[in-house]
Amino acid sequence: MSHKLTDGGQVMHVGTLSRVEGEGAMHIEYRDGVVTDVQLRIYEPPRFYEAFLRGRSFTEPPDITARICGICPVAYQMSSCWAIEDACRIEVTEEIRLMRRLLYCGEWIESHALHIFLLHAPDFLGYDGAIEMAADHPQVVERGLRMKKAGNDLMDTVGGRSVHPVNVRVGGFYRMPTRLELRALRSRLERARDEAIETVRLVAGFDFPDMEQPYEYLSLRAEQGYPIESGSVVTSSGGAFAVRDFTKHIQEFHVAHSNALHARLDGSPDPYVVGPLARYSLNSDRLSPVARDAAREAGLGPMCRNPFRSIIVRAVELVEAYTEALRIIDAWTDSASPSVPVPPRAGEGFGASEAPRGTLFHRYVLDDAGIIRDAQIVPPTSQNQPSVEADLRTMVEAWSDLDDHALLHRCEQAIRNYDPCISCATHFLDLTVDRT
Amino acid sequence: MTTTHSHGAEHRDTHHGRPTLAVWKFASCDGCQLTLLNCEDELIPLAREVEIAYFPEATRAVVEGPYDVSLVEGSVTTPEEIERIQHVRAVSRRLITIGACATAGGIQALRNFGDVAEFRSIVYAHPEYLSTLSRSTPISAHVTVDFELRGCPINKHQLLEVLAASIQGRKPRVPTHSVCVECKRRGNVCVTVAHGTPCLGPVTQAGCGALCPSFDRGCYGCYGPQDTPNTVSIATRLSELGMSEPEVLRIFRTFNAASEPFRRESERHEPDPQQASRGEEVPG
């Protein structure tokens, strides 16, 4: 919807954003080509996770926090496990880390394929949604669904199911999948990897608006490999800190128009970005050769600053996730214990992992019986809200010559560049909700 | 099946004669509506049989109601949602709730058991709406529901069965017996009998395929209570297996905490009997 104000200004408003996860709205006011107000309004009702985690047992967050998001439950399970194991001063085995990484590959595949084919590609190809797109491009949609299914199959095998997996526990897993079970996935993953390389070529051919944003990027970086299930924090301005220190660097604050907290890095008023663009730009040297070749062929440099091109980066990350999953499966032997014991211990613990949408932080304070006394969760979409709004401001000013319909559509597309997960972002702690 | 609908704002052909489907979201994680998109092999054929008329997570296009079938995800937690669910009911021939939030209030119904003093101060601050915000309630507390599909998350085969049954005008074949039956069918060794692992399988409704026991884990009740759950008996067994009273309370108080049998059982394990009955469902 778009309408003129009596004073000559204009308002652009979308009451229900479509093809995003959760409930949000967009509101932009501009006058004489200058944006006077821009808001990504998040009206998804708060569910108070951090409040009701207090008093729960330290064994429960992998199951409970998974329910923050049906699209990236593994991210919540992994970040919570790392944080609780950190509080209890326990380190898991290398095999457990690898199995976590394998499960996480399944989630990246499921989430990225969903976003590329069902949520984002329809914008570039001019359709309302993937089902409409399937009428003209059946092979594209069928390929996307097949690629997505390979991720869900991987999650079913390792986690039991793809939405809210049951096999994750603090300390590891309840049961390790067998080498035989894993190898049964091989042919599907190989085919999907080849289709992902095709997908990089497909989306690289889309028409991208020119836009370069100067944001600070933040992502994890691992000792080896592309950051997925773990790592420490790096930023594009050269910052580097341990996950333990994230509350010293990242502050959350509450704005009136959103039920999700915004976040700031080192007190800077400028937005910072997490997610595929940040991850790629800070770790493109860590991609496997096949993913690196796909990125190069698609014309991606070592850094990518155009938010619209995030769809290419997601496709490259799909190549990486299939390749990495195959690598872990091929090396798997049936010798590993499913978990290590984690006795409760009083203390504070921090954990982070790379959710499909970016870095997801968890912090827990436990008492000596393992009861949670405090919990803090900083999801990627909270961190990206200010940059989404800044993108909208830049775009409306740069493309004020577009007609209202085209501009509105492009703004919606700009929000989808971030694959915002509004269910994730809405979790704030304060139990008093003032709507006046 | 005849349908009546007017054309929505976005350009889109509507095919009269195809039943229309709408998907609505209330307070939830999106996981149950994602289950529809996770029907990778069935999604395109399904879209030929039904017209996906309203599904914001999947498409910008909107075909105006009324709709033949509405799937409702999520629980009611705000004054706006109380009004919106009335609208959804008014435009839906059949209203089907999907998942533990819509069917039992979900994990966010843990607020229903919140600290009384804390909630009282909130209620006095804004009595006009905080009485409802202080509780998460299932859809059935507000409007008539034609079918409730259980699970946190729902099972995609059950979802397809419920959709097919709705279109064909028959009763869905969704069993209400316990997870134990599914374990027997899968040939699982009982995790409680063989390993002494606490398990809610005997009191939990089937539908997941006995997933947790298949992964050497006890059931944690995410499909909610089965038809005739003997929660007192299973709670006694859980205590014998070494669970403390707070642990027994917590295992009944998760994703279906506000479902009647699980709520009652969890309150039997409250340290302070005065605190019992707080989680009772109060329709908005």
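Two strands pair if DSSP finds at least two bridges between them. By that rule, four strands of chain A form an open sheet of mixed pairing, in the order β9-β8-β7-β12. This is a predicted model, in which local features need pLDDT of at least 70, side-chain atom pairs count only at pLDDT 80 or more, and totals for chains, interfaces and linings use all residues. Residues are numbered from 1 along each chain as its sequence is written, while chains are lettered from A and ligands numbered from 1 in the order in which they are written. Helices (H or I, at least four residues) and strands (E, at least two) are DSSP runs, numbered from the N terminus.

- The edge strands are β9 (240–241) and β12 (272–273) of chain A, each of which pairs on one side only.
- Strand β7 (residues 216–221) of chain A runs parallel to β12(A), with two bridges joining them; Glu216(A) has Tyr272(A) as its bridge partner in β12(A).
- Helix α10 (residues 276–283) of chain A packs on this sheet and touches β7, β8 (232–235) and β12 of chain A. The direction of α10(A) makes about 70 degrees with that of β7(A), where axes are lines fitted to C-alpha atoms, for helices over the stretch in contact, and angles run from 0 to 180 degrees between N-to-C directions.

**Strand β14 and its neighbours in chain A**

- Eight of the nine residues of strand β14 (residues 358–366) of chain A are buried. A residue is buried if 20 or more other C-beta atoms lie within 10 Å of its own, exposed if 12 or fewer, and partly exposed in between, with C-beta atoms placed from the backbone.
- Strand β13 (residues 347–355) of chain A pairs with β14(A) in the antiparallel sense over nine bridges, and the two form a hairpin with two residues between them.
- Strand β15 (residues 372–378) of chain A is also antiparallel to β14(A), through six bridges. These two strands form a hairpin with five residues between them, and Gly370(A) in the turn has a positive phi of about 85 degrees.
- His362(A) is the bridge partner of Gly351(A) and also that of Ile377(A) in β15(A).

**Chain B**

- Chain B has 13 helices and five strands, and buried residues make up 51% of its 284 residues.
- In helix α12 (residues 245–252) of chain B, Val248(B), Ile251(B) and Phe252(B) are buried. Seen down the axis of α12(B), its buried residues fall within an arc of 95 degrees, so they line one face of the helix; the arc is that of the directions from the helix axis to the C-beta atoms.
- Those buried residues pack against α11 (231–240) and α13 (260–268) of chain B.

**Contact between the chains**

- The contact takes 46 residues from chain A and 44 residues from chain B, where two residues are in contact if their C-beta atoms, placed from the backbone, lie within 7 Å.
- On the side of chain A that touches chain B, the largest share, six residues, comes from α6(A).

**Backbone details**

- Most residues other than glycine have a negative phi, and most peptide bonds are trans.
- The peptide bond from Gly65(B) to Pro66(B) is cis, with omega near 0 degrees.
- His164(A) has a positive phi, near 55 degrees, and counts as buried with 25 C-beta neighbours inside 10 Å.
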